[in-house]
Amino acid sequence: MFSRLRKISWRRLLLKWLLIGSAVFLVLFSCYFFYLDRSVTKQFQGTRWTLPAQVFAAPLELYVGAPLSMSDLLEELARLRYRPAQTLERPGTYRRQDARIDIALRATRFADENRRAGIITVMAGPHAIEALRDAAARDMPILRLDPLLIGSIFPTHGEDRIVVTPAEVPVLLPAALKAVEDRKFDSHHGVDPEAMLRALWVDLRAHQIAQGGSTLTQQLVKSYFLDSRQTMGRKAHEALMAIALEMHFTKADLMNAYINEIYLGQDGDRAVHGFGLASQFYFGKPLSELDLSELSLLVAIVRGPSYYDPRHHPDRALARRNLVLKLMADLNVISAQDAAAAAARPLGVTTRAAGAYYPAYLDFVRRTLRRDYRDTDLTQEGLKIYTSLEPRAQDDAERTLDRELARLEKTRKPTNAALDGAVVITSPSSGEVIAIVGGRRIGYSGFNRALDAERPMGSLVKPFVYLTALETHRYTDASIVQDAPVDIRLSNGVHWKPVNFTRQTYGAVPLVRALAESMNLATVAVGMDVGVTRIAQTLQRFGLERAPAQVPALLLGAVEATPLEVAQLYGGLASGGYRTPLRAVRTVLSTTGTPLKAFPLELAPVAQPDVVYEVDQMMQQVMERGTGRPGRALLPPGVTVLGKSGTSQDLRDSWFAGFSGSHLAVVWVGYDDNRPTGFTGAAAALAIWAHVLADLHTTSWSGAMPESLTDVSIDYLTGLQLEGNCADPNAIHVAVPLSTQLPKDPNCSAPNAVQRLGERLRAIIRQ
Amino acid sequence: MNARIAIALMMLTAAGCKSLFEPPVNPGAPAPNPASEAPGTAAPPARPAATRHYQLGGAASALVAQAHSRAAAGDYVAATATLERALRIEPDNPLVWIELGRVQLSAGSPAQADSMGRKAVGLADGDPSTQAAAWRLVADSLRARNRNPEAAAADARADAFAPR
């Protein structure tokens, strides 16, 4: 009896505690689920992703007369991943017949307008565009191609993505994802118990967690809310969160979130998330333009972006892509014929990552924007940044630098260090930077020599010495100066005795020749006469940031500057005495397209146009008769270019800087450890510079001569003025101030009788 | 007879004075450069009254028209961006610089307008009407900063090229 009672009470007690326990568990579980539900929902509503800023190159301008051939056009279309097609039904395609090309343009957002998709026709001549028409065959004055996406500014080790709307997603993508990853997606409530049990069975037999069995919702939860460690506890957590999500969001919304969230590849520090960016990353074109085989490859990559990386493991990627196609055909998502046709296609991934990456240029963009934006603005707010990068110029400059450096290295004894270099190309009238090559390793975001290599300018400083001399009005291009031994006692008592590179002295020479042949002794004589202080001031006026040491060695370039700074300094010489601050960014738009900031062109007068014109005339002779002459042969014969070589002490730095009518380029060649290169500026940098300019389809320099100047003919060697019909092989033209009296060449001064008659005739005709 | 002698003499001296044969002005084409235009001349020719007549090419003039409507709507940022497109196509055309300066003046940047006007003056050499337009821009930009005597001087220079 007693024992029975005890037995009953024991059972009751157990039941009671079980009930209490269950109730507590239920309450706790409900609280937990409620908490989970709240936090999941809260996080998932509103802005789901922080978006890195997207950076765009300058769009190519098409207009009648634009210096573009058909091959230039085709190259640009290939860069923008337009595809040749028979019919132009889809944007992003083109059809070429001889000199005519029809292009189905994509809808594009420019910095200042949105353009709808549409078809245009271009007629390309051998050197220039001859006609530009819209779909109704009306002539169009001007049209821009799409701006190339060249990269994004994402946090270090951060996620990068391009968010796509459901309208931008091809219908086959959700279908393929369901077929391969989650067949019951449309009907389950976040988890698929059958699939989970199947996966568990496989896992238990394999004694490890191998198979997912996760629904798309679970995968989304795992990627969005959790880190990637797989444990049983975490699986339960993930399942509950998936159920919570399903309670609050529609299937369509979850599918779109999945498409934008999922991890699809790695690119150095950058994690490629979402199908929008993956499409750019693997194929270089928008998701909406992918065909069946391309979509299937992306779906294949979902399972293992590293294992199925199509660039590193093309065989695995191909096999899995074809499995995806087979699964889709089995479920009648696509026909067997379509699957077979798509399976027969190559992978079609681009060799270089999408947008090609111009790390040196992006570096400059980032530095420009850091002045106005916090890092989080750039990496999270989805800004659109429109730059002046010209991909064609950038690609050509990268290739040229690498090719020429390799050629130069072959002429020298092999060393353990690699010769390196940098190139900066700008448009001098606007100050826009159109290309930056920061080193030989293209696409490598390491030391940016164009921005950070501070090297002695060497003779690149001489045009500023001579400009300062001309400003005193005591010198002209034709002034005779003495290239003779110099001995200057410095403040510390040391005697400075510079020599010419050739170790010779040249005696009395005109200023123009002293610059053209980069004579050190004549330059020091002129510079000491004018004053080192004034020359330092000139350099700062033209844009040198730090005050240079005011020592006589400044006259021969003992002042450090980066290639970008040299481009700034020479910009004033190229644009008639106006400094235009160098800029890479044109406009910044918010993620919704509102203009946030523009960087307009600014002009500041830094020298009188006539003085700059006189310097330019001398720099023209650098190319015709001086140290730049070997570069002439590499340039088109009719194109007038101006430049100056620079070489630092012991041949450590080889420079060339100069410009045409439309472009300015600066080239530096040297070793990172500052060892001597064995090359002068003319020997190494000049060839690169000339090739770079020749590739640019550049126009002749054609500065307008200011009214205060007059054109005279002088003998290049002696500086004596030539008059009359004089067949002097050394005759050159320079501009000197009006009413300048020059010593005349006695052999060549008096105009002969016929010429006098001609003069009189001209006078009669003018009347 | 006299004409024949004149022609013969002109042919004889042609090599020595190419400037005798000024090239015809080609509207819309890049303007010739006076410095490189007369190689071989012994003495520089006197500056002729009008050797050029600047015009905008088709693409640039379409962009200038677009900039005008944007500026009229008060969107100077977009107008500037549009004119910079034109400038990329014709960087040496003073008419584009004058347009750009006009927008800067409207946008409240008279110092920029001044620089652009002076730059245009330099580029417009040989084209009196464009030189006058450039000096008027300089004058207006000076007036906007209450530098009236200088503005009057700039206007006088404009008047010298093209009287109002």
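This is a predicted model: local features need pLDDT of at least 70, side-chain atom pairs count only at pLDDT 80 or more; totals for chains, interfaces and linings use all residues.

Residues are numbered from 1 along each chain as its sequence is written, chains are lettered from A and ligands numbered from 1 in the order in which they are written, and side-chain values use heavy atoms, with hydrogens and water left out.

**Chain B.** Chain B contains eight helices and zero strands, where helices (H or I, at least four residues) and strands (E, at least two) are DSSP runs numbered from the N terminus. Of its 164 residues, 46% are buried, a term for under 20% relative accessible area, with exposed meaning over 50% and partly exposed the range in between (1.4 Å probe, protein chains only). Among the contacts of chain B with a separation of 6 or more, 54% are between residues 24 or more positions apart; a contact means heavy atoms within 4.5 Å.

Glu99(B) lies in helix H5 (residues 94–106) of chain B. Glu99(B) is buried but has no salt bridge, and the nearest side chain of opposite charge, Arg102(B), is 7.4 Å away. A salt bridge here is a side-chain nitrogen of Lys or Arg within 4 Å of a carboxyl oxygen of Asp or Glu, and for charge, Lys and Arg count as positive and Asp and Glu as negative, with His and the chain ends not counted. Leaving aside residues up to four places away in sequence, Glu99(B) touches Val64(B), His68(B) and Leu83(B).

**Chain A.** Helix H3 (residues 172–181) of chain A is mostly covered, with seven of its 10 residues buried; these include Leu173(A), Pro174(A) and Glu181(A). The buried residues of H3(A) pack against several helices of chain A, among them helix H5 (216–225) and helix H10 (314–330).

Strand S15 (residues 384–387) of chain A is covered on both faces, with Lys384(A) and Tyr386(A) buried on one side and Ile385(A) and Thr387(A) buried on the other. Its pairings are tabulated below, where two strands pair if DSSP finds at least two bridges between them.

| Partner of S15(A) | Sense and bridges | Bridge partners |
|---|---|---|
| S25(A) (residues 585–589) | antiparallel, four bridges | Thr387(A) and Val585(A) |
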